[in-house]
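I opened my notebook for a friendly look through a new model. The entries below keep to what I looked up, one topic at a time.

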Amino acid sequence: MSKTVKLRKGLDIKLVGEAEKVMESLPMPSEVALKPADFHGMVPKMVLKEGEKVKAGEVVFHDKYNESIKYVSPVSGTIKSIVRGEKRRILSVVITADSEIQYASSSSVNVNDLNGEQVKEKMLAAGLWPFVKQRPIDVVANPNVAPKAIFISGFDSSPLAPDYNFLLEGKEADFQTGIDALAKLTNGSIHLGLNGQTMSAPALINAKGVQMNRFYGKHPIGNVGTQIHHVDPINKGEMVWTVNALDVAMIGRYFNTGKFDATRTIALCGSEVSAPKYYTTILGAQLTGLLDGKIKEGNVRYISGNVLTGDKVEKDGYLGAYHHQITVIPEGNEYKFFLTTGWLGHGFDKFSNSRLFPTWLLNAVAPNKKYRLDTNTNGEERAFVVTGELERVFPFDIMPMQLVKAAITKDIDGMENLGIYEVAPEDFALCEYVCTTKINIQDEVRKGLDLINEECM
Amino acid sequence: MKFLENILHKMEPNFSKGGKFEKWNPLFETMATFAFTPKLVTQKGSHIRDGVDLKRTMMTVIIAMIPCLLFGIYNTGHFAEVAKGSSIAASYWDGFGTKFTSGLIVVLPILVVSYGVGLTVEFIFGMLRGHALHEGFLVSGMLIPLIMPADVPLWMVGVATVFAVVIGKEVFGGTGMNVLNVALTARAFLFFAYPTSMSGDKVWLSGQEVDGVSGSTALGDLASFMSDKPVFENLDAYYGKYSLMDSFMGMIPGSIGETSTLACLIGAAVLIFTGVGSLRIIASFFAGGFVMGMILNAVGGNAYLDLPAHFHLVIGGFAFGAVFMATDPVTAAQTATGKLIYGFLGGLVAIMIRVLNPAYPEGVMLAILFMNVMAPIIDHYVIQSNIKKRLKRVKTA
C-alpha cells in the first residue's frame, strides 16, 4: 500500500553553485575527527587514550548512558588528541590516519540468516547504530524501544543538495542489504520516500520489502519529517526510526563486506566554489585537503551540510557525521547601505518568499535565475509581529508559530499538544529562513525537544 | 556611501559598551541600523536568511497609507475652505493648490506631533531597556493623525499619543507584545477623556463651524434618524448630500485619512499583494459589515435601518478600519481560521454599534478594539481544534 502525497506549501531556495555530476577522488585525508556534538545529547565515554593505535571499525568511545551504542573510527591510525572544551566536555577526537586503511577483522554476514536481535547486536558492535535516528527528539535511536516503522527518504530537497540518484549508482546490492537489515528491526513497515518529480535511481526504485511513497512538492518535501507526517504521523508514546538513504547503503556494505567502510561521496557546492563537483572522501575527514585550491577568493563561510541545517565549520574543520555535502557561501559581515543593498533597496539581489522583494517578478520572468546569498541576517532580531508567513513554508498540520512560542516559553503541555513529537529542528529550517523576527527557530525547537526529552521521555 | 560608513566606524566606539556615550547607544543604533543593514551574520541553524525584516515590512504599510494621507490632506483643505466660505469651496476640485496647501497646514502639525511625541516616548523606553527603536511606531505614528478629526488641538494629539504608546504598548513589552491597536488606543483615549470636544455632532468635523455650514458628518446625520429630530426628512434627501460616489471617493467630511474608500482600497491592494495585510481579515471584515447591514435592512423601521448595506461600507472609518486597523498582525487573530472569524465579527459589530447605539455615531473603533481583546480567545479555540484533531488520531489509531 503505497501513498502519493502532493504538497503545495514549501519553498525551493535557488542558489548558485550546484555540484556538477562528476565524481573526483581525493587522496584520503591525513586526519579525521569524531565530533560527539554531531550526535545531539550524547555524552561520550572514551575507550581509547591519546596516542593509542586504532583500526577502522574499532571503538573509540561509547555512549556514557548506553554503553551498547559504540562510535568507531572510520580510519586506521593513531589517536592524535582529545580536544576538550568547558567542563572537560569532549569536543572532538582527532585521529591521524595511516596512508592505507586497515580494517578490524570481521567477515561478511548474510542478513537473512539473522534475526532482529542479532542484526541489532551486529549494528551496535560495528558502530553503525548512530546512523539510525529516532523521532521524537531527533537523536540517535534508543535500541531498547521497538519502532512502529522505519522511514527512509530517498531524496534530499534542500538547497544544493547532493543528488541521491547519482550517489546511489552502482550501490543497488548494498542498499538492498541495508533495507533487509533494517527490516529485521521492526514489525512495522519500512517506508521509502521517492521524489515523484524525477526518475529515481535503480537502487531506490527496485528496492524490495519496502512501502514506496511518492512525494510531489517543494522543499521540505524531501525531509523525512514531512514524509512521516503525511504517511504515518507519530503520536505521543510512539517511536519511529529514520535512516538516511546513503547511510542505508553504508549499513548494507558492512553486512556484505564485513568492513566498516565509511568512505562517502560528498557534494562540494555553493557560490564560492570555483567548480562545484562530487568528491570521494571519508566520514569525519579534515576539510583542508578537500577545500584547498577550490574556493574563490574572499570572505567565505564553510558549512558542513546544507545552508539551512548545516554546521558552521572552519577551513581546517571536519565533515559532520550525518553530512553528505560541504557548502561554501559568502560571509555577510558588512554594512549594507539601506537604499542600495540594505533594507530599503531594490532587492533584486535577495531571494525572498515575501512579495516585499521582487523575487516573485524574477521568478515569473526568469524562472531559472539562481541567487548568491550571504550569511547576513538582513535585519535585527525582533518580537513576533508578522503572522502567517511560517505557515506558508511548513507543510504539516501543525501550527508552527504557536509551537515555536510554546518551545520558547518552555510550555511542556503546549508543546505536547501542538505536536512536538512529530518534528525535528530541521523541519523548521525554512521557517527560520523566512521569519521576519530573525529568531533562531531551529535552536529554540531543539531546546524544546531537550526539555521534552528530560521531562517526558 | 563609504563616507557615511567611515563616520559610523569612527563613532561606534563612543557608543559601545564603556564608551563616552554608552547611555545613548539605543539612539545611535537606531540611526545606524536605519542607514545601514547591520553586519550581523547567522551563527547556527539556517545560514542564509530571507531579505525581509521588520523595517521593510513597516515601511510598506506606510507606503500603503500614502494615498489616504494625500487624499486626506486635500479633503481637509477643501472643507477648511468650505468653512471659510471661500469662493473655491463650491466645486470640490476647484483651487487644487490652495486647498492642498491649506490641508497641509492643518495636517502636517498633527503628523509632526504624533511622530515627535511618539518616537520620544519610544526612545525613552528603548534607553531604559537598552534596545534600539523597534519599528512598530513608524506605522502607529502615521495612523494616529489619519484617524484624528482635523480640528483636534495639537496638545490632545500629544497626550493621546503618550497614553497610547505607554499604556497601550510599552507596559506590555513594546512592539509585538501589545493587546490593543496602538493608534486606536489613542483615538479611544481622546474619545473617552475629552468627550465634549470629541463626541456629539462635532465628531469627525473638519474645519471650523461657521454660520450656514454644517460641521457634522454623514454618520452624525444618519444617527439623527434614530432620534426625534432627524437632519434629513428621508434617505433621498440624505443621498442628495452624500451620494454613494462622493462617499466612495471620500469627498465628504470626516477624520483626516479615513474618508476615501478608494484610497483605502489602493492601500489594501498594496498590503494584500505584498502579503503584509491579511486578505482574510480585510475581506471578512467587509463581509461582516455587509451582512449586518442586510440584517438591519431586513428589520427595517426607520430610515437609518433601511440604509442599503453597501452604503455602510463606504462611509465613516469602515474601510480605513478594515484595511489598516483590523489587519494589525499583533492585535488581530493569528491563525488562518481565526482571522476569518475575527474579521467577520469585527465588521458585524462595527455596523451594529454604529446603527444601534446612539452614543457612538461610529462603531468601527470600538468594534476593532473589542475584537482585539477577543482575538486571543478566537485563536484559542482554533488551536484547540487542531489539538483535538491530534488527540483523536491517537484514539482511532
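My notes follow, starting with the ground rules.

**Ground rules**

I am working with a predicted model, where local features need pLDDT of at least 70, side-chain atom pairs count only at pLDDT 80 or more, and totals for chains, interfaces and linings use all residues. Residues are numbered from 1 along each chain as its sequence is written, chains are lettered from A and ligands numbered from 1 in the order in which they are written, and side-chain values use heavy atoms, with hydrogens and water left out.

For places, I use helices (H or I, at least four residues) and strands (E, at least two) as DSSP runs, numbered from the N terminus. For burial, I call a residue buried under 20% relative accessible area, exposed over 50% and partly exposed in between (1.4 Å probe, protein chains only). Accessible areas come from the Shrake-Rupley method with that 1.4 Å probe, and for residues only the protein chains shown count as cover.

**Entry 1: salt bridges**

I took a salt bridge to be a side-chain nitrogen of Lys or Arg within 4 Å of a carboxyl oxygen of Asp or Glu. By this rule I noted 31 salt bridges over all chains.

I looked up A:D138 and found a salt bridge to A:R446, with the closest N and O atoms 3.6 Å apart. A:D138 sits in the loop between strand 10 and strand 11 of chain A and A:R446 in helix 12 (residues 441–456), so this pair ties together parts that are 308 residues apart in sequence. Both A:D138 and A:R446 are buried.

Next I went to the contact between the chains. Which residue of chain A does B:E135 meet in a salt bridge? The partner is A:R382, at 2.8 Å from N to O. B:E135 lies in the loop between helix 4 (96–129) and helix 5 (136–146) of chain B, and A:R382 in the loop between helix 8 and helix 9 of chain A, so the pair joins two chains. Both B:E135 and A:R382 are buried. Shared partners join A:E380, A:R382, B:K55 and B:E135 into one salt-bridge network. Within chain A, A:R382 also meets A:E380, at 3.8 Å from N to O. I logged a relative accessibility of 8% for A:R382 and 10% for A:E380.

I came back to A:D138 for its backbone: phi is positive, about 60 degrees, although the residue is not a glycine. At 11% relative accessibility, A:D138 counts as buried. In the loop that holds A:D138, between strand 10 and strand 11 of chain A, I also found A:P136. A cis peptide bond joins A:R135 and A:P136, with omega about -5 degrees.

I noted another cis peptide bond from A:H219 to A:P220, with omega near 10 degrees. A:P220 is in the loop between strand 14 (211–216) and helix 5 (224–231) of chain A.

A:L160 is not a glycine either, and its phi is a positive value near 60 degrees. I placed A:L160 in the loop between strand 12 (149–153) and helix 2 (164–167) of chain A, and its relative accessible area of 10% makes it buried.

**Entry 2: aromatic pairs**

Rings of Phe, Tyr and Trp (its six-membered ring) pair if their centres lie within 6.5 Å; planes under 30 degrees apart count as stacked, over 60 as edge-to-face and the rest as tilted. I noted 39 aromatic pairs over all chains.

A:F351 and A:Y371 pair edge-to-face, 5.0 Å centre to centre with 70 degrees between the planes. A:F351 is in the loop between strand 21 (336–337) and helix 8 of chain A and A:Y371 in the loop between helix 8 and helix 9, so the pair ties together parts 20 residues apart in sequence. A:F351 is buried at 2%, and A:Y371 is buried at 2%.

B:F286 and B:F318 are also edge-to-face, at 5.6 Å and 65 degrees. This pair links helix 13 (residues 279–299) and helix 16 (residues 318–325) of chain B.

**Entry 3: surface patches**

Patches are made of residues with over 30% relative accessible area and no salt bridge; like charges are joined within 9 Å, nonpolar side chains (Val, Leu, Ile, Met, Phe, Trp, Tyr) within 5 Å. Lys and Arg count as positive and Asp and Glu as negative, while His and the chain ends are not counted. The place of a charge is NZ of Lys, CZ of Arg, CG of Asp or CD of Glu.

I found a positive patch formed by A:R8, A:K9, A:K218, A:R355 and A:R392. A:R392 counts as partly exposed at 44% relative accessibility.

On chain B, a nonpolar patch of about 510 Å² is made by B:I167, B:V171, B:F172, B:M177, B:V179 and B:V373. B:V373 lies in helix 18 (residues 364–396) and is partly exposed, at 44%.
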